[in-house]
Amino acid sequence: MRSFMINTLMVILIAQCARVSAQTIEQNQLPTVWSLEQCIVYAKQQNIQINTLRLTTKATEQDLLLSKAAKLPNLTGSASQTFTNAKNADLVVGGFQTQASFAGNYALNSSMVLYNGGYLNNDIKQKELFTKSAQFNAEAAENDITIQITQSYLTILLAKENNVYLNEILETSKAQLKLGELKYNAGSIAKKDFVFLKAQVATDNYNLIASQNNERQNTLTLKQLLQLPSGYNLNIQKPETLEAAFPVINLEEAQKIALEQRPEIKSSQLEKEAADLELQKSKASFLPTLSASGTLASGYSDNQKTPYPAQVDNNFYQRLGLSLTIPVFNNRVAKTGVEKSKIAIDQSKLDLTNTETVLSQKVEQAYINVMNAQSQFTAAQEQLDANTENYRIANEQLRLGGISTVDYLLEKNLYIQAFQNFIQSKYNAVVSLKIYDFYKGDPIKL
């Protein structure tokens, strides 16, 4: 029993070491620092939803091969061997005699459809459309994950920049506190002002910790989108510059480009064409079907005195035939299929219209986001310039004792708010512009 437990523990330990080793090897193959382009490429390769849609595409490709093969003749072989044991009347003896016999039959059968109202041809065309539609659905999923990755990536950059800024604010507050402590010990400022400075350091430290926590949470979100191992330390690359304002093409042109290029539109268009073909397939149920068949067969029995090879040769026969099936009455199955196909066509038209409408609304919303973000960025820049100068003057006045601590902290808080507004508006402008350009077909790059 003790030996069994030891062996079991060893197996568990080996398995855990193998998992850790495999995970380490996998992590070692990942980039040390991720650019946005690397994140997008990796997500397209690893995302489960996208890979599921790719498998759907492969399944539709198999359906297409099957529909093409339906036009070819089939071939089946059959062989049977029977043993018969029966009683026969014996006229000489005046009783019954048991007689056993062996017999065999062998055949090759083939058949193919010659005409069925165009059903097979339309089925092939429909399966080709389904395959292309599945490919476009996978591309649409890639576009969705690209936008999510971009938003998450830039959110982390925003948090990192905010951390740097808040850390500088904290260091400034600590320096002001040291200066205030010297003044308080010298009796130059009141205890109330000294306490205000200590409270400001605590507040700035809290803001920095909150921003760092926000960065960690955003990093986790990006890791989940990339489906990276839980223990992996994700580091992203900060671009040298982030341009927040570019010339923006007009809305009508952007919508036109999106409606012509986006894969979700192409997929809906193909689904509509496939619905039209389904109607043609349904109408084929009213038409006759002409099929051809052929058979090669032979057999033998040991009840005959002829040798086995001679029997097989003598019994060998060939058969060719044509079969015409004419539908007369099928309990409304064909008519119901046609009517449901017409309903499916109407539904596909509604789906296409809805897809076009939703896409146009998304592009319009992206355009409005760009306009709003750029105007807010311009206003935030002006606000920051003004508050930066006021904050610089307040710092100098506080050093010289020409301003109260309360007035200084007021100017500082206004500066902090202005800087945070500036950072937020800058990244909003970048994100909104990248998404808007992406809708009109431009790749996302930093």
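1. Let me begin with a detail: the side chain of Ser425 reaches the backbone oxygen of Phe422 at 2.9 Å. This is a polar contact, that is, a pair of N or O atoms within 3.5 Å; within protein, one must be able to donate a hydrogen and the other to accept it, and residues adjacent in sequence count only if both atoms are side-chain atoms.

2. Before going on, a word on the basis of these notes. The model is predicted, with local features needing pLDDT of at least 70 and side-chain atom pairs counting only at pLDDT 80 or more, while totals for chains, interfaces and linings use all residues. Residues are numbered from 1 along each chain as its sequence is written, and side-chain values use heavy atoms, with hydrogens and water left out.

3. On confidence, the average pLDDT (the predictor's confidence in each residue, from 0 to 100) is 88 for the protein, and 90% of the residues score at least 70. Residues 1-15 fall below 50 and have zero contacts in the model beyond near neighbours in sequence, where contact means heavy atoms within 4.5 Å. Residues 17-25 are also below 50, with one contact beyond near neighbours. Where pLDDT is low, the predicted coordinates should not be read in detail.

4. Back to Ser425, which belongs to helix α10, residues 405-439. Helices (H or I, at least four residues) and strands (E, at least two) are DSSP runs, numbered from the N terminus. Ser425 is buried at a relative accessible area of 5%; buried means under 20%, exposed over 50%, and partly exposed in between, with a 1.4 Å probe and protein chains only. Leaving aside neighbours within four places in sequence, Ser425 contacts Ala373, Gln376, Phe377 and Ala380.

5. Glu411 is another residue of α10, but Glu411 is partly exposed, at 23% relative accessible area. Not counting residues up to four places away in sequence, Glu411 touches Asn390, Tyr391 and Ala394.

6. The C-alpha atoms fill a box of roughly 145 × 75 × 35 Å along the principal axes. The radius of gyration, taken over C-alpha atoms, is 40 Å, whereas a compact globule of 446 residues would have a value near 22 Å; the globule rule is 2.2 Å times the number of residues to the power 0.38.

7. As for the fold, there are ten helices and four strands, in the order α-α-α-β-β-α-α-α-α-β-α-β-α-α along the sequence. Among contacts between residues at least 6 apart in sequence, 81% join residues at least 24 apart. Buried residues account for 36% of the 446.

8. Two backbone angles deserve a look. Most residues other than glycine have a negative phi. Gln227, not a glycine, has a positive phi of about 55 degrees; Gln227 sits in the loop between α5 (191-226) and α6 (251-261) and is partly exposed at 33% relative accessibility. Arg332 has a positive phi near 70 degrees, lies in the loop between β4 (317-325) and α9 (333-400), and is partly exposed at 45%.
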